[in-house]
Amino acid sequence: MQTANTSWHWLWRTIGWLVFFSAILIAWWLMFLSARMSGVDWIGRPIGPNMMPMTAFGALFPMWSIMMAAMMLPTMVPTLRAYEDLIKSADGTRAGWAALLTGYLAVWIAGAAAISILQVILIEIGWIDALGAAHHKWFAAALLLVAGAFQFSRTKEICHGVCLAPMTYFLGHWRPGPLGGLRMGLGLGLFCVGCCWAFMVLGFVGGVMSLLWMGLATVFMVLEKLPQIGKLITKPLGGLLIASGLVVAIL
């Protein structure tokens, strides 16, 4: 009986992780296709006609939802692994694992709706173009400076602390079963949005269809959530963003 239970646990664990990483790959593939259809290269520079204009909420929201999945799901790996430890040592369940992921992603999809509305507004007032890139250097510089300053803020410190130590969050907010997993996923998602929102907004500096920026932002956010180095790179990254903002403002 114990062998059978172990086999089923291994099977569901394998299926869960396969679906998780497949979703990430599919999201990145869709973003690559979107960039191609938007007529930009991997840096975000126009190289052809834009066959997929994104100036309305109905077009932007699906794009941002896919982008959130592509960029934020990889950052969830340490949290999902921490929950798996509680499947073995506490009363965590595989359904709770899936619900945790669902709650986390639901918060970021809500964030996708918010930033889609923001992009529509910025297009309407002429601060960004149809590819989501800043029209004026002062706006790009301001975004870099704000994002850099945020890295030194108390809000960043609190939210980053939760993202950096998901096991501590679980110990303080533990709820069993799928409903508990969903509630914890929503809570962790809110802290993650509080930690990483500036990286998303920085997409307006060079264009939200820039695969280069998406890739770099994803790497930075993944590194920030690694316990070994997360605390070491937050403030240096903030200094780099501030320096970049000053350079953009001066040139």
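Arginine 94 is buried in this predicted model, with a relative accessible area of 17%. The cut-off for that class is under 20%, so the value of 17% places arginine 94 within it. The residue belongs to helix H4, which covers residues 94-124. Setting aside residues up to four places away in sequence, arginine 94 touches His9, Trp12, Arg13, Glu84 and Ile87.

Let us remain with helix H4 for a moment. Alanine 98 also lies in H4. Is alanine 98 buried, partly exposed or exposed? Its relative accessible area is 36%, and alanine 98 is therefore partly exposed. Between alanine 98 and alanine 23 there are 75 residues of sequence separation, and their C-alpha atoms are 13 Å apart in space.

I turn next to helix H2, residues 57-72. Leucine 60 has its place in this helix and is buried, its relative accessible area being 0%. Beyond its neighbours within four places in sequence, leucine 60 is in contact with Met54, Thr55, Ser116, Gln119 and Val120. A second pair of distances concerns leucine 60 and threonine 93: they are 33 residues apart in sequence and 35 Å apart in space, again C-alpha to C-alpha.

How many cavities of 30 Å³ or more does a search of the whole structure find? The search finds 3. The largest cavity has a volume of about 60 Å³. Its lining consists of Thr75, Met76, Thr79, Tyr104, Cys163, Leu188, Cys192 and Lys225. By class, that lining has 5 nonpolar, 2 polar and 1 charged residues.

The second largest cavity holds about 40 Å³ of space. Trp64, Met67, Met71, Phe199, Met200, Gly203, Val208, Trp213 and Met214 form its lining.

From the cavities I move to the pockets. The largest pocket has a volume of about 350 Å³. It is lined by 16 residues, and those nearest its centre are Leu144, Val205, Gly206, Trp213 and Leu216. Trp213 has already been named in the lining of the second largest cavity. Helix H9, residues 203-206, together with H10 and H11, is among the contributors to the pocket, each of the three supplying at least two lining residues. The lining of the largest pocket comprises 11 nonpolar and 5 polar residues, with no charged residues.

The second largest pocket contains about 180 Å³ of space. Its lining is made up of Gln151, Ser153, Lys156, Glu157, His160, Gly161, Leu164, Lys231, Thr234 and Lys235. The elements giving two or more residues to this lining are helix H6, residues 154-164, and H11. Which element gives the most? That is H6, with 5 residues. For this second pocket, the division is 1 nonpolar, 5 polar and 4 charged.

As a general point, an α-helix has 3.6 residues a turn, so residues three or four places apart point the same way.

I close with the packing of H10 against H11. Helix H10 spans residues 211-224 and helix H11 spans residues 230-250; their axes come within 8 Å and cross at roughly 135°. An angle over 145 degrees would count as roughly antiparallel, and H10 and H11 are therefore classed as oblique to each other. On the H10 side, the residues in contact are Phe220, Leu223 and Glu224; on the H11 side, they are Gly230, Ile233, Thr234 and Leu237. These contact residues divide into 4 nonpolar, 2 polar and 1 charged.

Methods: Residues are numbered from 1 along each chain as its sequence is written. This is a predicted model: local features need pLDDT of at least 70, side-chain atom pairs count only at pLDDT 80 or more; totals for chains, interfaces and linings use all residues. Side-chain values use heavy atoms; hydrogens and water are left out. Axes are lines fitted to C-alpha atoms, for helices over the stretch in contact, and angles run from 0 to 180 degrees between N-to-C directions. Helices (H or I, at least four residues) and strands (E, at least two) are DSSP runs, numbered from the N terminus. Angles under 35 degrees count as roughly parallel, over 145 as roughly antiparallel, 65 to 115 as roughly perpendicular and the rest as oblique. Contact means heavy atoms within 4.5 Å. Ala, Val, Leu, Ile, Met, Phe, Trp, Tyr, Cys and Pro count as nonpolar, Asp, Glu, Lys and Arg as charged, and the others, Gly among them, as polar. Buried means under 20% relative accessible area, exposed over 50%, partly exposed in between (1.4 Å probe, protein chains only). On a 1 Å grid over the protein atoms alone, a cavity is a set of points where a 1.4 Å probe fits but cannot get out, and a pocket is an open set with protein on both sides within 12 Å along at least five of seven lines; lining residues have an atom within 4 Å of a point. Grid points are joined across faces, edges and corners, and a volume is the space filled by probe spheres set on the points.
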